[in-house]
Amino acid sequence: MIPLEKKDTEKLVFTKEFTKQESIPPEGIERAIEIMQSGRLHRYNTLPGEPSETDLLEEEFADFLGKKHCLACASCGSSIHIALRSAGIKPGDKVLCNAFTLAPVPGAVENSGAEAVLVEITEDFTVDFHDLDVKAEQTKAKYFLLSHMRGHMADMDRVLEVCQKHGLVLIEDCAHTLGASWDGRLSGTYGFFACFSTQTYKHLNSGEGGLLVTDDDEAMAQAILYSGSYMLFERHHSRPKKEIFEQYKKTTPNYSQRMDNLRAAILRPQLRNLKAQCERWNGRYRLLEKELNRSPYIRVPARDPKEQYVGSSIQFSLQGVHKDQVAVFLEKCRERGVEIKWFGWPEPHGFTSSFETWAYLKEQPELPATRRVLDSLCDFRIPLTFTLEDCRQIARIINYVITEMMPTP
Ligand SMILES: *Cc1c(COP(=O)(O)O)cnc(C)c1O
């Protein structure tokens, strides 16, 4: 890298907000206004025979993924909870889960009455297959909740092999892989259930929201009942035959975790536009990846050619940088307007927390490999309000800060 002159380094600041998302498409806003004017915001508050906006979203989302059924929920976390229950979890059952994930994931496991068994991750931020195999064997767990955390997909062919070998039911957490594929097959089509988030910082934005998909009739009937259908399950358009609900309708509690029509209205045009948005994210991601990888102190993990990811955020490891120095690096970047998250903080910060701070877990896991990876793991979102030039400026700042801090090699 070319050393910068002092007058250049003064210009090295970034002033845009890392939290600023794009606005909702105009058609979504118009439709939301119509719904507000009608007063019919609840998914079951429709005229006879009329599909609700939520029904339409569910049909379109199921079509997009090529899945039989979709259920819109209050959040991704609530959809994971419903998925676990509907997949037959009983209190005390063990659920394998990669340790690099977001707090709502162990939260959903806890909510279902099951126990999370956390599995180590690799340098590339994906599940460690050796540890997965060992823990599946040791615990005799029957469920694997695979979180494609920050959009990093493990080798899905191997995931299916491990599930087959140990008889594991796979549930995918696709909060960051909506629109991504492994070897041409969409993320969310591998699991018995797959869960998606429409929370503001994910690939579709309705503030809060979750979408659950499956091909299984029995499981979907239960999921609809759990979500709180008030015995109006027949109204759902994306649902199994109504006879299937009969055996479950009295034994399935109503957990009241539905989505409403207003959110569905603003999500539908976003779903239609998703492919184009993914391309825009990837353009920004690739630029950042290339620029950051120029630094000898930064490693952006190589992605498998089979992984067609959506780069809506970027993660990198600081190499040869002591843990104490990482905090200094983050502060220096912050002073220049670049807000980077770190999974090395001993205390949970904002949206980032790590497994040691989930003190409600029944057994506190020992995960030395994951800890080592998290200690150098930096992360930031790539909102589409950033231009390519913005991304270049961010990379310039990060590279400058780290170079200035480190002794010349
Ligand atoms: C955001 C996120 C969730 C939870 O989504 P909510 O809709 O906020 O409940 C779960 N898993 C991962 C990996 C996430 O990033």
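**Comments on the predicted model**

1. The residue to begin with is F351, which at 41% relative accessibility counts as partly exposed, since that class lies between the buried limit of under 20% and the exposed limit of over 50%. The structure is a predicted model, and the comments below should be read with that in mind.

2. F351 is placed in the loop between β13 (341-342) and α13 (368-375). Leaving out residues up to four places away in sequence, F351 touches L102, Q199, Y201, K341 and R381.

3. Just after α3, G66 adopts a positive phi of about 70 degrees.

4. Which residues of α3 are buried? They are E53, T54, D55, L57, E58, F61, A62 and L65, and the buried residues of α3 pack against α2 (26-38), β1 (69-73), β7 (185-186), β8 (193-197), β9 (210-214) and α10 (261-272).

5. Within helix α3 one finds T54, which counts as buried because its relative accessibility is 0%, whereas F351, at 41%, counts as partly exposed. If neighbours within four places in sequence are left aside, T54 is in contact with R43, A72, M259, D260, N261 and A264.

6. The buried residues of α11 are L274, Q277, C278, W281, N282, R284, Y285, L287, L288, E289, E291 and L292. What do these buried residues of α11 pack against? Their partners are α3, α10, β10 (298-299), β12 (313-318), β14 (377-381) and α14.

7. Helix α4 (residues 76-86) packs on helix α5 (residues 104-111) at an angle of about 40 degrees, with the axes 8 Å apart, and α4 is therefore oblique to α5. The crossing of α4 and α5 is right-handed. On the α4 side the contact is made by G77, I80, H81, L84 and R85, and on the α5 side by P104, V105, A108, V109 and N111. The residues of this contact of α4 with α5 divide into six nonpolar, three polar and one charged.

8. The pairing of helix α12 (residues 323-335) with helix α14 (residues 388-405) has an angle of about 135 degrees and axes 10 Å apart, which means that α12 is oblique to α14. In passing α14, α12 makes a right-handed crossing. The α12 residues Q325, V328, F329, K332 and C333 meet I398, V401, I402, E404 and M405 of α14, and the residues of this contact divide into seven nonpolar, one polar and two charged.

How values were computed: Residues are numbered from 1 along each chain as its sequence is written. This is a predicted model: local features need pLDDT of at least 70, side-chain atom pairs count only at pLDDT 80 or more; totals for chains, interfaces and linings use all residues. Side-chain values use heavy atoms; hydrogens and water are left out. Buried means under 20% relative accessible area, exposed over 50%, partly exposed in between (1.4 Å probe, protein chains only). Helices (H or I, at least four residues) and strands (E, at least two) are DSSP runs, numbered from the N terminus. Contact means heavy atoms within 4.5 Å. Axes are lines fitted to C-alpha atoms, for helices over the stretch in contact, and angles run from 0 to 180 degrees between N-to-C directions. Angles under 35 degrees count as roughly parallel, over 145 as roughly antiparallel, 65 to 115 as roughly perpendicular and the rest as oblique. A crossing is left-handed if the near helix is turned anticlockwise from the far one by less than a right angle, and right-handed if clockwise. Ala, Val, Leu, Ile, Met, Phe, Trp, Tyr, Cys and Pro count as nonpolar, Asp, Glu, Lys and Arg as charged, and the others, Gly among them, as polar.
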